[in-house]
Amino acid sequence: KLRERTNMYKERAIDPYATSPEISPPVTPVLRKPDYLRKKEEERIKAEEEAIKKAEADAIKAVEMAKKKEEKAKADAEKKEAERLKKEEEAKAARDAACCPMISFSFIDTILSPIEDAMDSVLGNTIDPFTDRRYIAWLTVVSVAFNYNIWFTPVRLVFPIHTPVTIPFWIIVDIIVDIVNVIDVVLWQPRLQFVKGGDIIVSTILNSSVHCLFFLLGQMDMISIIPFDLLGVLFGFSAVFRLNRLLRIESFFEFSDRLESIMAKAYIWRVGRTTGYLLFMLHLNACFYYMASEYLGINSSKWVYNGQGTAYLRCYYFAVRSLINIGGLPEPGSVFEICFQMTNFFVGVFVFSSLIGQMRDVIGAATQGQTYFRASMDGCVAYMNMFYIPDLVQNRVRTWYNYTWDAQGMLDESELLETMPLVMRTAIGVDINFATFDKIALFQGCDKQMLVDMLLRLKSIIYLPGDFVVKKGDIGKEMYIIKGGEVQVVGGPDNSIVFVTLKAGCVFGEISLLQSAKDGGNRRTANVKAHGFVNLFVLDKKDLVEILVHYPNSQKVLAKKGRKLMKAKGPAAAKAEEDKKKGLALFGPKPPTPKLARVFGGFGKGGFLEKLKVQFSNSILFFSHNRFIWQKATYTIEISDRGSCFSPTFLQAAQAKENTGNK
C-alpha cells in the first residue's frame, strides 16, 4: 500500500489535475433567503415538538416512579407491622410459657432518679468500657470484692472461724463488699456502652420508661446482689447465704481482659493469674481435706487432720503434698480415705498438667519476639560463616542486630503495621511523624492528604556509627528524616572536616528526590555520615512519584520549590552549566604556525613568501585547497598549509599571476 500511495503522489506531482482516491467533502448547498428562513422555522418547530414529547415522557416516568415508591413504602410498612405483631406474639408466648412472670421495675425510675442525676455529673451519661481508665480502676475494686467472696466463703463454710468475737468483723466486711457490688450493678453497669447490630448504644437502661427483668432467670448481676444474708437472722449467721455473690465471676474475667489491654507487658499479669489459679486449687483442696477429716473424725486415724496447730495451714500443707504428688503422706486406711486420695492424685495430675501447659504458653508468648530475633541472627551468622565473610563485617552485622532489637524490640516495624487496617496505620503514622513532615520547608503548602500518604510509605532504617548514609556523587533516590541520633555532613581530606551536625527531626536528601538525571541534577552534593547509632525514616523516590500522580497541584508546588532550593544550594548541575563554552570559544584556540613555515620565516610581510615573490616573479603558481606550489624552470617548491591563514600579500600575488594567465 505504501508503494501504491507513493506512485499515486508521483502521478499527482506530474499531473496536478489527477484525482485523489480520498472522498471529497460534501458541497454545502446555497439557499436563497426565503428558503433559508423557511428551513430554520421548520427546524425550530421540530425542536419544540421534540422538547414537548420529551417533557411528557419524563412526566409519565416520574409519575410511575412515584407510584412504585409509594407501593414499596406501603409494602415495607406492612412488613414492619407484620414483624412487630410476630414479635409481640412471640413475647406473649414466652411470658405464658415462663415459670415465673416478667416483673416490671418501672418504679425504679422514680426511686433512683435523684441519684442518677447526681452521678451524671461525676461519671457522665455513658462510659466506654474499653478506653475509660476510670472504669478499669473501678473494676479493680470490684475484682477485689469478688476475690474476697470466692476465697473466704469456702473457708468460712468449712473451718470453725465464726466465733462471737469475729462475727462483727465479718459482718462489717460483708457489708462493704456488698455496697461495692450494688454500686457497680446500679450505677456503673447501666452506663456502659455496648454494640447492637453494629451500632454503639450509649443510652442507659435506667433512663428507659419500663424495665422488665426475669426473676431468678434474669441477669446474674441482679441475682448476685440479693441480700440472702438477712436469712441469717432466722437461721443463724452462715456464709452459705453468700454463695450468690460468686455469680459475679464475669466481673473478674472482664477486669483481667481490660488490664491486659492497657499493660505494656501483659505476660506479667498472665503469669500472676495462672499462679493464682494454682494457689486457689490448693486452697479448695485444703477445704475439702478438712471436711473429710471432720466427716471421719478429727484425729481418728493417721490420715486425717489430728487437730493440732493451725487447722488451715496443716490442711493446706497436706493439699500441696497431695496434689503435687510429692509423697511422704500417711497411708489411707478406709475406703473413703483411699477414694479421696486417689481423686486427689488424678485431679492433681490433670490440673497441674493443664496449668503447666498454660504457663508454658504464657512464657512462650512473652519470649516469642526474642526467639524470632535469636533465630534470625543465628541464621545470618551461619550464612556469613558459610561464605567466609570477614570478622569485621560479621561483628558489624551482630552489632546491628543487637542495637535494632534493643532500640525498637523488632527487626522490621512494617511487619507489625501490615496486620493493621489502613485507618490504624494512618493514625499511628500521623501521631509519630506528621509534625516533623509538616515542618519541612519543601512540603509546606502541599496537600495535607498527600503528606499522610507519604507517611504510610516511610521505612525505618538503622545505621551504625561511621556508616555513610549518602556519598557525594551518588545517585539520589531517597529522602531521609532523622528519627533518633545524629548525622554529620563531612568533607575535606579523609572526610575529617565536619560542616554541620543534624539532629532528630532534621531532613536531608530532599533536593535529589525532585531532580531528574538530566545534567546530574539527582547527584548527591555532600557526604553524610552517621555519628553514633542513627535511626532514619526513608522515603523512596518511586513512592513519591506514585503519590504525586494523584496530587497535580502539589506536584507543581514541589517542582517550583525544588528549582528554588536547587539554585540556593548550588548543585553540581548549575556548575556544569556555567562551565559550558559559548561563542568563538567553541572552536578552541588557534593552532600554532606549522614548523616548516616557521623555518622559512612565516607567511607575513618580509617572510619567505615575500622573498619568493621578488625573486621568482615569473614563476608559475599552482594554488590548491590547502597547499601552494611555485614552479621555476629548474625546481619546484611546495608548502602545505596546516591551519594557517594566507596573508593578503600572498593573495594579491596569486591573483596577479592568475590575471596574467599563469596557471
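The structure is a predicted model, in which local features need pLDDT of at least 70 and side-chain atom pairs count only at pLDDT 80 or more, while totals for chains, interfaces and linings use all residues. Residues are numbered from 1 along each chain as its sequence is written, and side-chain values use heavy atoms, with hydrogens and water left out.

The protein chain has 23 helices and 13 strands, where helices (H or I, at least four residues) and strands (E, at least two) are DSSP runs numbered from the N terminus. Of its 663 residues, 28% count as buried, a term that means under 20% relative accessible area, as against over 50% for exposed and the range in between for partly exposed (1.4 Å probe, protein chains only).

The buried residues of H13 are Gln-394, Tyr-401, Thr-404, Trp-405 and Gln-408. These residues cover an arc of only 110° around the axis, which puts them on the same side of H13; the arc is that of the directions from the helix axis to the C-beta atoms. On the face turned away from this buried side, H13 carries the exposed residues Asp-391, Leu-392 and Asp-406. Just after H13, Gly-409 takes a positive phi of about 70°.
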